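Here's a quick briefing to read alongside the model. Have the sequence and the 3D view open, and we'll go through it topic by topic.

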Amino acid sequence: MHTLLQTDLRFGLIYTDPQTSALADVGCVAEVIKHERLVDDRFFIICKGQERFRVLAIVRTKPYLVAQVQWLEDKPSSEHEDVDTLANEVESYMKDVIRLSNRLNGKAEKETPEDLRKNLFPTPFSFWVASTFEGAPAEQQALLELEDTAQRLKREKETLRNTLNYLSAAAAVKDVFPSSSG
């Protein structure tokens, strides 16, 4: 961390499978945008994901991993999809998931943002959506590895549709059996 703070505040993140300890082939550069040193010499950091990379070779393992990487960019979609329309559909599902989650958790309806995309083009929006899938690191990794924006958005749309179906069922149960919630 000390070395990082003395350089450009960027480092590579790579998923490690919790069962096998195997490293994923694709990772992401993270930039420290805020940090705070804690009293026990640990750090609290907030990072922003940037470009993706594929690990070609591990160069060094101590004191931390260093790898030779190849930078990745999304390739043009092989399918003739309108990625802007897909991004709008994903945004719509995401709003519905947020709205229903807020309702189930007793939060105000007005806490649902009007514009989740914030004028983001489909590719950066698709990565932002993947970043919100907290608690599902294997799914986040699968989305990170996709090199086609349309495929990534389709997978996110399906995940959000499944989440919405689950939340709808939970809301129905809560409405029928209000005392069983929580």
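In which sense do S2 and S3 pair, and over how many bridges? They run antiparallel, with ten bridges between them. Keep in mind that this is a predicted model.

**Strands and hairpins**

- Strand S1 (residues 10-16) pairs with strand S2 (residues 23-37), again in the antiparallel sense, over six bridges.
- Glu31 is a handy landmark in S2: Arg10 stands opposite Glu31, and in S3 the bridge partner of Glu31 is Lys48.
- The S1 and S2 hairpin has six residues between its strands, and Ser21 there takes a positive phi near 65 degrees.
- The S2 and S3 hairpin has five residues between its strands, with Asp41 at a positive phi near 70 degrees.

**Helix H5 and what covers it**

- H5 has 28 residues and reaches 40 Å from its first C-alpha to its last, close to the 40 Å expected at 1.5 Å a residue.
- An unreviewed UniProt entry places a "coiled-coil region" at residues 136-170. In the model, that span is 89% helix and 0% strand, and its end C-alpha atoms lie 20 Å apart.

**Asp148, at the start of H5**

- Asp148 is found in the loop between H4 and H5 and caps the N-terminal end of H5, with a side-chain oxygen 2.8 Å from the backbone nitrogen of Ala150.
- The Asp148 side chain also reaches the backbone nitrogen of Gln151, at 3.2 Å.
- Asp148 has a relative accessibility of 6%, so it counts as buried.
- Leaving out residues up to four places away in sequence, Asp148 touches Asp74, Lys75, Ser77 and Ser78.
- Thr123 is 25 residues from Asp148 in sequence, and their C-alpha atoms are 8.7 Å apart.

**Salt bridges**

- The count comes to 14 salt bridges. Side chains of opposite charge can pair when their charged atoms come close.
- Asp74 and Arg152 form one of them, with the closest N and O atoms 2.8 Å apart. The pair links distant parts of the chain: Asp74 sits in the loop between strand S4 (66-72) and helix H2 (83-104), while Arg152 is in helix H5, 78 residues apart.
- Arg152 counts as buried because its relative accessibility is 0%.
- Glu147 pairs with Lys75, the closest N and O atoms being 3.2 Å apart. Glu147 lies in the loop between helix H4 (137-145) and H5 and Lys75 in the loop between S4 and H2, so this bridge ties together parts that are 72 residues apart in sequence.
- Arg117 and Asp84 meet in a salt bridge at 3.0 Å, N to O. Because Arg117 lies in the loop between H2 and helix H3 (122-131) and Asp84 in helix H2, the pair ties together parts that are 33 residues apart in sequence.
- Arg117 is buried, with a relative accessible area of 8%, and Asp84 is partly exposed at 37%.

**Backbone angles worth checking**

- For context, most residues other than glycine have a negative phi, and most peptide bonds are trans.
- Lys62 and Pro63 are joined by a cis peptide bond, with omega about -5 degrees. Pro63 is found in the loop between S3 and S4.
- Lys118 is not a glycine, yet has a positive phi of about 50 degrees. Lys118 belongs to the loop between H2 and H3 and is exposed, with a relative accessible area of 56%.
- Asn119 is in the loop between H2 and H3, with a positive phi near 65 degrees. At 73% relative accessibility, Asn119 counts as exposed.

Key. Residues are numbered from 1 along each chain as its sequence is written. This is a predicted model: local features need pLDDT of at least 70, side-chain atom pairs count only at pLDDT 80 or more; totals for chains, interfaces and linings use all residues. Side-chain values use heavy atoms; hydrogens and water are left out. UniProt positions are given in the numbering used here, feature names are shortened, and annotations may be inferred rather than shown by experiment. Helices (H or I, at least four residues) and strands (E, at least two) are DSSP runs, numbered from the N terminus. A salt bridge is a side-chain nitrogen of Lys or Arg within 4 Å of a carboxyl oxygen of Asp or Glu. Buried means under 20% relative accessible area, exposed over 50%, partly exposed in between (1.4 Å probe, protein chains only). The expected span of a helix is 1.5 Å times one less than its number of residues. A polar contact is a pair of N or O atoms within 3.5 Å; within protein, one must be able to donate a hydrogen and the other to accept it, and residues adjacent in sequence count only if both atoms are side-chain atoms. Two strands pair if DSSP finds at least two bridges between them. Contact means heavy atoms within 4.5 Å.
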